[in-house]
Amino acid sequence: MGAGIPDEVKRFLDELYERGRRDGGMWNITPETGRLLYVLAKSAGAKRILEVGTSNGFSTIWLALAARDRAGAATTIEVSEGKTSLARENFKRAGVEDVVEIINGAAFDVVPTLAGPFDFVFLDAEKREQRRYLEELLSSLAANALVVSDNVIDLGRSLTDYLDFVRNDPRFVSVMIPIGNGEEVSLYLGG
């Protein structure tokens, strides 16, 4: 797998993205954002990845591919039972079910039960709760962990509290990348 993403997985990701757009009800990242997550996680050497907000598993597959390349794993949390089942099927089709643990439940219930440290976190759930998710995760972050939050351009008003936090807390160095719906990429320095 170190040579890149197999063509059949790329085709499946394209199909999954288009199906989500066509059928609605899925809150998928854009394909460019998926590639960005893959590049960031892989270049950071991420082995323990956490995602809050699975939907149909589109973003999880990108993260799992990066984790697999580092003999790592991805844990993802989804509150909807229907989306959890759908995501499991999609992980099998993409061939990443062996490196993904999907947990069905509310993030605030699940996060305190998870053992860290995580070296990469992707936050893509309820936007007004992003800061609380991150604060719950602080003790589970490895030094130099990357934290990425989606939708900072199109839903930025709902993320004001989160953005103020990561941009002003001295434990983070943060930058917005205008790809897809906007990604806030924050390096956790520890502390």
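Of the 35 residues in the largest nonpolar core, which touch the most other members? They are Ile 49, Ile 61, Leu 65, Val 96 and Phe 120, where a nonpolar core is a set of buried Ala, Val, Leu, Ile, Met, Phe, Trp, Tyr and Cys residues joined through side-chain atoms within 4.5 Å. This is a predicted model, in which local features need pLDDT of at least 70 and side-chain atom pairs count only at pLDDT 80 or more, while totals for chains, interfaces and linings use all residues. Residues are numbered from 1 along each chain as its sequence is written, and side-chain values use heavy atoms, with hydrogens and water left out.

**Nonpolar cores**

**Helix packing around H3**

- Two packed helices are described by the angle between their axes and the distance between the axes.
- The axes of H2 and H3 come within 9 Å and cross at roughly 25°, axes being lines fitted to C-alpha atoms, for helices over the stretch in contact, with angles that run from 0 to 180 degrees between N-to-C directions.
- That angle makes H2 roughly parallel to H3, on a scale where angles under 35 degrees count as roughly parallel, over 145 as roughly antiparallel, 65 to 115 as roughly perpendicular and the rest as oblique.
- The crossing of H2 and H3 is right-handed, a term used if the near helix is turned clockwise from the far one by less than a right angle, with left-handed used if it is turned anticlockwise.
- On the H2 side, the residues that meet H3 are Pro 31, Gly 34, Arg 35, Leu 37, Tyr 38, Ala 41 and Lys 42, and their partners in H3 are Phe 58, Ser 59, Trp 62, Leu 63, Leu 65, Ala 66 and Asp 69; contact means heavy atoms within 4.5 Å.
- By class, the contact of H2 with H3 has 9 nonpolar, 2 polar and 3 charged residues, where Ala, Val, Leu, Ile, Met, Phe, Trp, Tyr, Cys and Pro count as nonpolar, Asp, Glu, Lys and Arg as charged, and the others, Gly among them, as polar.
- H1 and H3 pack at an angle of about 160°, with their axes 10 Å apart, and are therefore roughly antiparallel to each other, in a left-handed crossing.
- Val 9, Phe 12, Leu 13, Leu 16 and Tyr 17 in H1 meet Phe 58, Ile 61, Trp 62 and Leu 65 in H3, and this contact of H1 with H3 comprises 9 nonpolar, no polar and no charged residues.

**Packing of H6 and H7**

- The axes of helix H6 (residues 130-137) and helix H7 (residues 160-168) come within 7 Å and cross at roughly 40°, which makes H6 oblique to H7.
- Gln 130, Arg 131, Leu 134 and Glu 135 in H6 meet Asp 161, Tyr 162, Phe 165 and Val 166 in H7, a contact that divides into 4 nonpolar, 1 polar and 3 charged residues.

**Backbone features in loops**

- Ser 55, found in the loop between strand E1 (48-52) and H3, has a positive phi of about 55° although it is not a glycine.
- Ser 55 is buried, with a relative accessible area of 5%; buried means under 20% relative accessible area, exposed over 50% and partly exposed in between (1.4 Å probe, protein chains only).
- Ala 71, in the loop between H3 and strand E2 (73-78), likewise has a positive phi of about 55° although it is not a glycine, but Ala 71 is exposed, with a relative accessible area of 69%.
- A cis peptide bond, with omega about 0°, joins Gly 116 and Pro 117, and Pro 117 has its place in the loop between helix H5 (107-110) and E4.

**Residues brought together across the sequence**

- Gly 82 lies in H4 and counts as exposed at 51% relative accessibility, and its C-alpha atom is separated by 9.1 Å from that of Ser 55, 27 residues apart along the chain.
- Ala 44, in the loop between H2 and E1, is partly exposed, with a relative accessible area of 43%, and is 8.3 Å from Phe 120, C-alpha to C-alpha, although they are 76 residues apart in sequence.
- Thr 75 in strand E2 is buried, with a relative accessible area of 9%, and touches Ile 49, Leu 50, Glu 51, Glu 101, Ile 103 and Leu 114, not counting residues up to four places away in sequence.

Conventions. Helices (H or I, at least four residues) and strands (E, at least two) are DSSP runs, numbered from the N terminus.
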